[in-house]
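Please look over the sequence and the structure shown here, and then read the briefing that follows.

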Amino acid sequence: MSSLPNGERAATVLSAAASLAASAMLIRTIASDLVPGGVHGYFSSTLHNIFRYLSSQHTIIIEEFKGNEAQGHTVNELFEAAEVYLGTKTSPAVRKLRVGKDEEEKKLAVTIDGDEEIVDVFEDVKVTWRSISRQVESLGFGNMGGKGRTFWLEDPDEIVWSEERSCELSFNKKHKDKVLNSYFRYILERAKAIKEESKVVKLHTVNTHHGFWRDAIVLDHPMTFQTLAMDSELKTALLEDLDNFVKGKAFYKRMGKTRRRGYLLYGPPGTGKSSLIAAMANHLNYDIYDMDLTGVRSNDDLRLLLLAMPSKAILVIEDVDCVVNLQNQEDNGEDQEDREEATTGEPYNPWDEDGWETEDEIEAENQVTLSGFLNLIQGLLSCCSEEQILMFTTNHREQLDPALLRPGCIDMEIHMSYCTISAFKQLIWNYLGLYDHPLFEQIERLMGEVKVTPAEVAGELMKSKDAEVSLQGIIEFFHKKIEQNEAKTAKDNGSTKGLENI
C-alpha cells in the first residue's frame with residue numbers, strides 16, 4: 001500500500017471508511033428490527049450511565065423561574081444573583097452581552113446573552129458558566145412571573161413566543177459540595193453587594209392622609225463627608241462609629257442585640273444637621289425615610305410605617321423636641337375626665353347625645369403617644385428589621401424627655417456647634433479651592449470673638465468667586481456681627497438698670 005501514489009492511497013482510505021459506515025448503518029438497522037425496543041433501551045441507558053459514571057464533569061442547571069403552570073412561576077433568586085455576578089466577569093472572549101439601566105441604578109446592568117460561556121475560579125476550583133436561551137410557544141396566555149412578564153391575549157388560540165432562560169454550571173464532580181455549600185452562597189452575597197453599590201439613594205416621606213410611605217424620589221444630594229463642613233475630630237469619630245456599625249453584623253448577633261443605631265444631632269439652626277444626614281446616606285448608600293410624627297395619626301399607623309421600612313435605611317425624625325408634646329397627649333384623656341367631672345358633677349362621658357364619639361374624641365384618640373413611640377422603636381418590633389439608622393434632630397436638647405436620651409434609643413449624641421476653624425477651612429476649600437491664605441489668621445482671631453454658623457459663612461462665600469474679595473467680605477461680616485452683639489448687650493444692660501431704678 002505504501003507504494004501507491006498519494007491520490008490512490010486517499011481514495012482507498014475514503015472507500016474503506018464509506019464501507020465501514022455503511023456496515024454500521026446496516027447493523028443498526030438489523031438490530032432495530034430484531035432486538036426488542038425494551039432491550040435496546042436498556043442497553044442504551046446502561047451505556048449512558050457508564051459514560052456518565054466515567055466522566056469527571058458535573059453539571060447544574062439554574063432556571064430563571066421556579067414552579068409550574070398550576071402553581072405559578074416565581075423568580076429564581078439564584079439565577080438573578082448569577083446574572084448580576086457574571087455581568088462583572090465578562091471578558092473580550094464574550095461576544096454577546098445584554099445591557100440595560102433603570103432609574104434606581106447608578107450603573108449599567110450587564111449580563112451575558114444566550115450560548116455564551118464564562119470561566120470563573122473560586123478557591124482554586126475552576127467552573128464554567130454557559131448561558132442558555134430558547135423560544136417557547138404559549139397559547140393565549142403567558143405567565144413568566146416577576147418583572148412584569150405576565151400577559152393575556154384577546155384571542156385564546158393565538159400563539160405567542162416567549163423566552164426561557166437558564167444557566168448551566170459545569171465543574172469537576174469532586175468539588176460538588178464546595179460549589180453547593182460555598183460557591184453559591186458567595187454568589188448570592190456578591191450579587192447583593194453589587195446591587196447595593198449601584199443603587200441610587202432615595203427619599204421617602206409619609207402620606208399623612210393614608211398612613212403609608214409615598215412613592216420615593218431620587219435624592220440627588222451632592223454632600224459627602226469629604227465636603228461636609230464639620231469639626232474634623234467629630235467627623236472622624238462619627239465615621240469610625242458608622243463603619244463599626246456596618247461591619248458589626250457578627251458582633252450584634254453575638255451580643256443578641258438588634259442591629260440598629262440611634263444618633264441625636266443637636267445645635268442651633270444652620271449648623272449642618274440636614275447636610276450631615278445627606279452625607280451619611282451617601283456614605284452608607286441607605287435610603288432616607290423622613291417622618292413627621294405630628295402627621296402620624298396613631299400608634300397603629302406608626303407601627304405599620306416602621307414595619308414597612310426595609311433594612312439598610314435611615315429613619316429621620318427632625319425637631320424631635322416636638323415629641324415632648326406627645327407626653328401631654330397621653331394625659332389629655334385623664335385631664336378631660338377630671339375637668340368635666342369637676343364642672344358638671346357627673347362622670348365623664350366620651351359619647352354625644354346620639355351615642356357617637358365626638359370629633360374631638362376621635363382626634364384625641366388618633367395621636368401618637370410618647371410611650372407608644374418608645375415601645376415601637378425599642379421593643380419587639382425593632383427586631384423585625386435590622387441594619388437601620390435612627391436620626392433625631394433638635395435645636396433644643398434641654399427640652400427632650402430623658403426617656404428619649406437613654407441608650408437603645410439614642411446611642412451617640414453629636415453636637416452641631418457654631419463654625420469651628422476646621423469647618424471654616426473646609427468651607428474655604430469647597431468654595432474657593434484654598435488651603436491657606438494670609439487673611440486666615442485674622443479670620444480665625446475674629447471667630448474667637450463671635451459665634452457664626454457654617455450656613456452664614458457659606459452665604460458670604462457665595463457672594464464672590466474671587467478669593468480676596470470673598471475673604472474681605474467675611475471679615476466685614478464678622479465685624480458687623482461683633483457690633484450687633486455689642487449693641488444688643490448695651491441695650492440689655494440699659495434695660496436692666498432701668499428696672500433696678502424702678
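Is Glu 123 buried, partly exposed or exposed? Glu 123 is partly exposed, with a relative accessible area of 49%, where buried means under 20% relative accessible area, exposed means over 50%, and partly exposed lies in between (1.4 Å probe, protein chains only). This is a predicted model, in which local features need pLDDT of at least 70 and side-chain atom pairs count only at pLDDT 80 or more, while totals for chains, interfaces and linings use all residues. Residues are numbered from 1 along each chain as its sequence is written, and side-chain values use heavy atoms, with hydrogens and water left out.

**Confidence**
- The chain averages a pLDDT of 77, and 69% of the residues score at least 70; pLDDT is the predictor's confidence in each residue, from 0 to 100.
- Confidence is lowest in strand 9 (residues 150-152), at a mean of 47, and highest in strand 18 (residues 412-415), at 94; helices (H or I, at least four residues) and strands (E, at least two) are DSSP runs, numbered from the N terminus.
- Over residues 143-152 the pLDDT is below 50, and this stretch has 26 contacts in the model beyond near neighbours in sequence, a contact being heavy atoms within 4.5 Å.
- Where pLDDT is low, the predicted coordinates should not be read in detail.

**Aromatic rings**
- Rings of Phe, Tyr and Trp (its six-membered ring) pair if their centres lie within 6.5 Å, with planes under 30 degrees apart counted as stacked, over 60 as edge-to-face and the rest as tilted; by this rule there are twelve aromatic pairs.
- The rings of Tyr 85 and Tyr 186 have their centres 5.9 Å apart and their planes at 80°, so this pair is edge-to-face.
- Because Tyr 85 lies in helix 3 (residues 77-86) and Tyr 186 in helix 4 (residues 176-198), the pair ties together parts that are 101 residues apart in sequence.
- Tyr 85 is buried, at 2% relative accessibility, whereas Tyr 186 is partly exposed, with a relative accessible area of 31%.
- One aromatic cluster is formed by Tyr 85, Phe 122, Trp 129, Tyr 183, Phe 184 and Tyr 186.

**Backbone angles in two loops**
- Glu 123, in the loop between strand 6 (117-122) and strand 7 (125-139), has a phi near 50°, a positive value in a residue other than glycine.
- Asp 319, in the loop between strand 16 (313-317) and helix 9 (324-344), also has a phi near 50°, and at 38% relative accessibility Asp 319 counts as partly exposed.
- Most residues other than glycine have a negative phi.
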